[in-house]
Amino acid sequence: MKGYQKYFLNKLSWFLITFVFAFLLNFILPRLMPGDPVAAIVSRVAQGMSNTSGVQAIYEQYARLFGTNRPIHEQFFIYIGNVARGDFGFSISQYPRTVFDVIRSSIMWTIALQFPAIIVGWLIGNTLGALAAYLKGGFDKILMPVSIFVSNFPAFGMAVILMVIFGVALEWFPTSGGYGFDLIPEFSWKFIRSVISHYQLPFWSIVLIAIGGQAIGMRSMAIYELNADYVKYARFMGIKDRKIIGYVFRNAMLPQITGLALSIGTMVGGALVAEIVFSYPGLGYTILNGVMGQDYPLISATTLIITIMVLSANFLIEILYGIIDPRIKAAQAD
Amino acid sequence: MKRYTVTLFSVLMILSMVLAACATPTPQIIEKTVEVEKVVEKTVEVEKIVEKTVEVEKIVEKTVEVMVTAEAEEGTLPRNETLYFNGQQWNPVVGWNPYSNNNNNAMAIAQQDNARVIMFETPYLYNMLDGKQYPLLADGDYAWNDAMTEVTFKIKAAAKWNDGTPVTAEDVAYTWATAVKYETPLAASNKDFIDTIEAVDAQTVVVKAKLGDDGKAVNPLQVQAYLSTNYVVQKAWTETLEKRANGDAAALLADPAEDVAYSGPYHKFFADESKVVYVRDDNYWGQDASMWGKLPIPKYLAHTIFKDNAAGSVAFAKGEVDVSQQFNSNVNLLWESYGLPISTYLTDAPYGIGASLPTAFFNLKAYGLDQLAVRKAIAMAVDYPTIIANAMTNQSATFDQVPRSLMNPTAGEQALYDREAVKDLQWAGNDIEGANALLDEAGIVDTDGDGWREYNGKKLSYVATCPAGWSDWQAAIEVVAAAGKKIGIDITTNYPDWGVYQTVVTASDKDLPEGYEIFMMWSDGAGPTQPWGRIRKLMSSEFVGMASNWNGNWGQYSNPDADELIKAIPAESDPAKLKEMYTELVKIYLSDVPSFTLMYRPQAFHAVNETVWTNFPHDGDGTTPPVPPLDLTDGWSIAGLYNLTLVNP
């Protein structure tokens with residue numbers, strides 16, 4: 001256990017160091033963008049305003065409020081204070097809402113869309129990839145080109161195609177929104193049905209693309225493993241195919257699991273394309289707006305969440321690897 | 001075994017799609033005999049705050065064509081009581097505070113030339129079609145005193161807040177006093193020409209203009225405009241808000257004001273990330289005979305939040321939006337090719353009434369652009385019909401129909417200048433020969449044979465620009481660049497991000513950097529101070545030197561003659577004299593070419609889908625005063641809400 005403890009501490013210290021740097025970058029990078037976020041607010045407020053000194057006064061008022069007129073180190077301490085308070089300060093693009101409030105109202109939509117899509121895409125993709133490697137023949141010959149074709153589809157194209165076919169032409173599914181345009185959210189079958197129906201197109205537009213990529217990855221890993229020496233040796237030993245397949249897929253799965261963890265870590269970033277094409281509520285579009293409006297607090301908060309999720313997912317995977325695959329622990333603990 | 005798994009997955013995929021498809025029944029029209037209970041007393045929980053008793057209208061037994069979807073039930077907005085909009089609200093609503101101006105609550109809070117008055121109300125309503133201000137909270141017309149230093153108007157006796165208390169002159173005065181005290185945007189934009197607003201008695205308001213050294217009002221035009229631009233907020237609620245904010249201006253402006261008092265016909269029903277819904281207040285004071293005489297027709301106003309124009313257009317075509325205020329490209333195809341019950345204010349191009357003048361500005365300090373011949377040649381060579389056809393899909397009048405000046409295409413503004421006097425100056429565009437001749441004559445020719453003209457030995461090379469992603473503007477800028485190539489001036493295009501673009505363009509305290517030689521910005525639309533306000537923002541040198549200039553004259557043009565005329569117009573009331581002054585300004589503008597208009601753009605795009613509602617404002621619909629093609633919520637266009645009828649009552 002000594003070796004494992006060392007391995008664990010090693011990983012933990014890297015986790016903390018990375019986190020500190022990521023935290024700093026999350027703060028600094030958005031503020032290095034050219035442009036001025038307060039100008040965007042003023043442009044909104046000053047529409048139809050005709051006197052000269054008034055616009056200037058408003059500009060200064062908002063610059064004071066968001067602290068953009070202060071030196072960057074002072075802004076950093078304000079930021080830390082906001083993070084510590086938990087609300088991340090006022091959002092610039094959606095002022096007077098706090099960043100916490102902005103994120104809270106759309107994060108559930110994003111997770112509800114992304115998490116199942118990632119898992120389903122991963123499961124289907126890996127199963128298909130493994131089957132292609134194992135069954136070979138006709139199945140592989142069809143699956144492989146189709147997977148390459150679909151996985152290279154731009155997400156935008158896939159979303160629009162699904163919308164045109166199933167939304168506009170066949171009218172099977174609604175084309176926009178998270179629920180019916182004529183509904184008010186409440187706990188009723190009607191509302192739930194509407195949510196499910198609105199969910200389909202954005203969901204499949206993500207899943208279909210994910211399947212292809214996962215299948216290709218899994219197929220090549222599995223083919224590689226199927227031809228490994230230990231497989232041949234096991235065959236000579238007369239071990240049953242089913243048993244061998246078990247070994248093979250456990251080994252082929254390792255990189256795929258890393259990929260899955262990273263996808264889950266970054267899912268909070270949102271499915272931007274699906275959100276825009278289907279006007280689906282979620283964080284992706286909120287973040288895009290934040291970036292366009294140079295909403296520093298919002299960008300910093302969302303990237304911080306993504307950072308923490310990715311780091312944690314990585315950390316967990318590394319810890320799990322230490323348990324699953326003793327070779328990794330041994331190599332790292334040296 | 002594995003084969004079964006594949007089959008299973010495929011079946012699951014198809015099944016889930018089919019099942020979900022069954023979830024929402026497609027509406028179909030059938031003949032159905034409807035039997036409805038006579039009068040129902042129904043308790044509806046509104047917003048979980050108040051319990052409200054609603055009386056459902058009496059409906060008699062008859063045979064009708066009905067849209068059969070699921071039954072109207074709680075949690076559903078009845079389609080034939082709800083008017084749907086798009087194009088105004090692009091992000092979630094963040095507040096209900098009329099002092100803030102920054103609540104991203106476009107339908108409820110917009111204090112502008114055509115102020116949106118569904119929730120908060122202005123004393124007067126501006127009508128862009130006839131240029132007049134009609135009383136809303138006010139009783140009768142306002143009156144200037146003889147010295148033109150103060151305006152007096154009365155508040156209607158019937159005007160009430162939602163809590164039943166009367167709207168008083170004191171409310172008007174206190175709204176202004178609060179704005180001044182906390183330096184809100186309202187005060188910032190008006191305190192240069194309004195001194196005080198006082199309540200003489202419960203009904204009478206006096207607005208005292210700020211006076212110049214000569215003892216005359218600094219700007220009577222803008223004092224008048226205040227009356228139809230800015231809301232009256234309840235004094236009692238304001239005091240509550242002040243207490244809550246503890247006298248802190250930032251806290252006062254940041255307050256989401258969910259408890260705000262309002263005098264308008266609608267208020268918050270529901271708002272989230274996907275939509276905002278307003279519900280009618282059936283006790284609205286405006287049903288008094290002294291105002292509308294009835295309630296506005298739709299019980300709910302709803303605005304779905306779309307993420308881009310494309311999504312909004314699809315929903316509009318599907319009948320999920322009744323009034324579309326966004327730019328629907330090739331809007332005419334919706335009825336010509338798809339046969340949808342969609343229409344615009346005018347049946348033919350330009351489909352709407354142009355109000356603003358999207359304009360290309362020259363950086364007048366850029367090399368060669370300080371030469372009139374270069375500026376004028378570029379402006380003459382531009383192919384405007386192509387801009388109007390491509391960028392605006394013909395939703396703009398052409399410069400043959402409305403020759404260029406400083407006026408928008410409305411009849412009122414066109415009558416303000418003498419077209420004959422400036423006829424020789426109004427270029428129609430696409431005049432390559434004329435442009436080339438002009439440059440040759442000025443001695444700006446290609447001396448080194450590379451195909452590009454030089455001025456003093458240096459090649460004329462510019463960047464034309466507008467914000468990235470503003471597709472209609474980008475299309476226009478491409479046409480400007482193409483014109484340069486035809487006359488030997490090298491114009492390339494570049495599209496910076498809006499965040500960068502706005503910072504550069506509005507910094508009028510410095511010279512514009514390289515890459516901003518020809519750039520696009522907007523101009524004012526229709527309003528009570530127009531065309532004066534627009535002309536000022538296109539030509540007045542008072543904006544040169546401003547650190548964040550959100551007004552205009554971004555090319556930093558300066559002409560003392562123009563400045564003098566702009567200063568004199570607000571105090572002038574003689575129509576003949578005004579016409580002379582405006583004509584002179586047009587002459588200066590078209591001679592100096594500090595900037596040039598690329599197209600006409602409506603105040604608000606206005607297209608309607610008449611699947612559910614009908615009797616929307618159309619040209620020649622016989623309304624007096626005419627209801628303008630805006631959003632049915634802003635300025636006098638709210639009158640349109642009282643005229644709507646159902647297609648299938």
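1. Basis. The model is predicted, so local features need pLDDT of at least 70 and side-chain atom pairs count only at pLDDT 80 or more, while totals for chains, interfaces and linings use all residues. Residues are numbered from 1 along each chain as its sequence is written, and chains are lettered from A and ligands numbered from 1 in the order in which they are written.

2. Chain A, elements. Chain A has 14 helices and zero strands. Here helices (H or I, at least four residues) and strands (E, at least two) are DSSP runs, numbered from the N terminus. The C-alpha trace of chain A spans about 90 × 60 × 40 Å along its principal axes.

3. Of its 334 residues, 43% count as buried. A residue is buried if 20 or more other C-beta atoms lie within 10 Å of its own, exposed if 12 or fewer, and partly exposed in between, with C-beta atoms placed from the backbone. Two residues are in contact if their C-beta atoms, placed in that way, lie within 7 Å. Among contacts in chain A with a separation of 6 or more, 72% are between residues 24 or more positions apart.

4. Chain B. This chain contains 18 helices and 28 strands. Of the 649 residues of chain B, 50% count as buried. For contacts in chain B between residues at least 6 apart in sequence, 67% join residues at least 24 apart.

5. The contact between the chains. On the side of chain B, 60 residues are in contact with 69 residues of chain A. H1(B) supplies the largest share of that side of chain B, eight residues. By type, the side of chain B that touches chain A has 26 nonpolar, 23 polar and 11 charged residues. In this count Ala, Val, Leu, Ile, Met, Phe, Trp, Tyr, Cys and Pro are nonpolar, Asp, Glu, Lys and Arg are charged, and the others, Gly among them, are polar.

6. The cores. A nonpolar core is a set of buried Ala, Val, Leu, Ile, Met, Phe, Trp, Tyr and Cys residues joined through C-beta atoms within 7 Å. The largest has 109 residues, and those that touch the most other members include Met107(B), Ile118(B) and Leu301(B). Helix H2 (residues 169-181) of chain B gives the most to this core, six residues. Apart from it lies another core, of 76 residues, including Val55(A) and Tyr280(A).

7. Leaving out residues up to four places away in sequence, Ile118(B) touches Met107(B), Ala108(B), Gly264(B), Pro265(B), Tyr266(B), Tyr278(B), Leu301(B) and Thr633(B).
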